[in-house]
Amino acid sequence: MSPASRKPAAHARFAPSLVPRLAPLPAAPEVIVVGAGAAGIAAARTLLGRGVSVAVLEARGRVGGRTVTTMLRGHPIDLGAHWLHAGPINPLVHLGRARGEPLRRAAQEGHVWVGRRPGRAAEAAASARAFDLADRAMTRGAATEGPDRAAARALPRSLGPWGARVARVHGLVSGRPLEEVSLHDFPSMEYGDNVFIAGGYGGYLARLAQGLPIALSSPVARIDWTGVGVRVETADGRRLSARAVIVTAPVMVLRTGLGFTPALPEPVRRAIDGFSTGIYEHAVLHWPSSPFRGRDRLASLVGGRLSPPGLLTRIDGTPFHYFELDSGSAALIDAAGTGADGVRRRVRATLAAHFGPTRLRDLSIPAVSEWRHDPWSQGSWAVVPPGHAPARQVLHAPVGGKIWFAGEALSRLQWGTTGGAYAEGARAAEAVAGRIRMGTAA
Ligand SMILES: Cc1cc2nc3c(=O)[nH]c(=O)nc-3n(C[C@H](O)[C@H](O)[C@H](O)COP(=O)(O)OP(=O)(O)OC[C@H]3O[C@@H](n4cnc5c(N)ncnc54)[C@H](O)[C@@H]3O)c2cc1C
């Protein structure tokens, strides 16, 4: 089934908080960019900055891709990316500071909740120690020579009762259980010094898309790179030509939803097909009487039969919280076929186990994301399974001197993130602009 004929995911009905004013496409662009997420927006801004004309074709009826903000009860809430990870190396943090965007540092403190009571100081310290030990062991494991293996194999046995929690949280933020994640790839991610932005991450990207030449609702079906330059055809039969194309569609979409004539070289195809699909979904809670105080704090709820893989409390000081679903929880929901309502029941059962049902009287769950069912993402981000670590690098090389790939899957230091996608879009655009100015693009 082509992505265009799939049913949109439930969250697709939420309107973006900001709709940027877009420019018409140039009649004869030098470069075509496929996709107007973080990578596509970065590519277009960079190319225009270099004086190269560009046309962006976006499948959805909005910009931002997996980074989108909607308004819920008057508050801007991200339905995809929310954290600006890795502040010191994230280009969107640097750009945001230069533009005077409303950035704020993420809190360092978190909540620990054991069964039905707040965790004790010693428990919080033991948890922090276990995370620290695990990080160091996995970083060391990856740095040593030897064949790649599952990141889980590097976890020390000495983590004690917190070991299961550490594995679960790393499995959540990796998008797959650590048994399915490459140890060589895993620790390359730089998570430190996280930042948030008032008005939402999606709102910020929409501001960055202002004035760009983007055609919405224009899914690309085929890229023909025979002969000179490229010809790009949309699902409704529209054709555009250019000297080069930057493809930022997620690798999950590239596996089935976008054709190339001639077929991509075998090593490139193997690199694309070998990624696995990362799953990370938000259930957005509105819960004014939640027991959590403070702003933007992570909460670990342990010691019961049910525990959330991740919980971010009081987003920007509001009554909104994220209850995060990992790949295992999403698989259970999908196997039961219960959809967003199944997620809502699971969230309620989990919170009731820790706080009692009466505490949930004012809890509502206005949005549940389903990026894994969204035809234009087909997952939350790309994951490198054991043995596939060189794939990100393989995709860096242009194909035939005229097809460049970009997007979160290509970033090594910021994999799976909006900052990484933005950096990769800018990198590809710099390379294309350089080739065009030297007159060497095919
Ligand atoms: C629930 C969730 C939470 C997340 N949390 C964070 C976080 O806190 N921090 C963080 O940094 N990252 C987070 N991420 C990951 C982050 O959202 C992505 O890494 C990032 O948005 C990817 O950007 P991209 O440009 O590579 O891809 P996308 O944003 O997916 O952009 C690609 C664009 O291509 C379009 N497209 C697809 N196929 C076609 C086609 N055939 N023709 C034309 N257009 C096409 C898509 O519609 C899309 O707009 C999260 C993701 C999810 C799902």
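## Terms and model

Buried means under 20% relative accessible area, exposed means over 50%, and partly exposed lies in between (1.4 Å probe, protein chains only). By that scale Arg-412 counts as partly exposed, at 38% relative accessibility.

The structure is a predicted model, in which local features need pLDDT of at least 70, side-chain atom pairs count only at pLDDT 80 or more, and totals for chains, interfaces and linings use all residues. Residues are numbered from 1 along each chain as its sequence is written, and side-chain values use heavy atoms, with hydrogens and water left out.

## Ligand site

The ligand is surrounded by 40 residues, a residue being counted if one of its heavy atoms lies within 4 Å. The closest are Glu-58, Arg-66, Trp-83, Val-220 and Thr-418. The shell divides into 20 nonpolar, 16 polar and 4 charged residues; Ala, Val, Leu, Ile, Met, Phe, Trp, Tyr, Cys and Pro count as nonpolar, Asp, Glu, Lys and Arg as charged, and the others, Gly among them, as polar.

Domain 1 (3-68 + 199-275 + 388-438) and domain 2 (107-193 + 277-373) both give residues to this shell, so the ligand lies between them. The domain bounds come from an automatic or database domain assignment. Helix 1 (38-49) and helix 11 (418-438) each supply at least two residues of the shell; helices (H or I, at least four residues) and strands (E, at least two) are DSSP runs, numbered from the N terminus.

A nitrogen atom of the ligand is 2.8 Å from a polar backbone atom of Val-220. Ligand oxygen atoms lie 2.9 Å from a backbone N or O atom of Glu-408 and 3.2 Å from a polar backbone atom of Ala-38. The protein covers 99% of the 1,000 Å² of accessible area that the ligand has on its own, by the Shrake-Rupley method with a 1.4 Å probe.

## Salt bridges

The model has 26 salt bridges, each a side-chain nitrogen of Lys or Arg within 4 Å of a carboxyl oxygen of Asp or Glu. Arg-412 pairs with Asp-185, with the closest N and O atoms 3.2 Å apart. These two residues are 227 residues apart, Arg-412 being in the loop between strand 22 (403-405) and helix 11 and Asp-185 in the loop between helix 4 (163-174) and strand 8 (195-197). Asp-185 is buried, at 2% relative accessibility.

Glu-233 and Arg-239 meet at 3.5 Å, N to O. Glu-233 is partly exposed at 27%, and Arg-239 is exposed at 62%. Arg-104, Arg-295, Asp-296 and Asp-316 are linked in a network of salt bridges.

Note on methods: A polar contact is a pair of N or O atoms within 3.5 Å; within protein, one must be able to donate a hydrogen and the other to accept it, and residues adjacent in sequence count only if both atoms are side-chain atoms.
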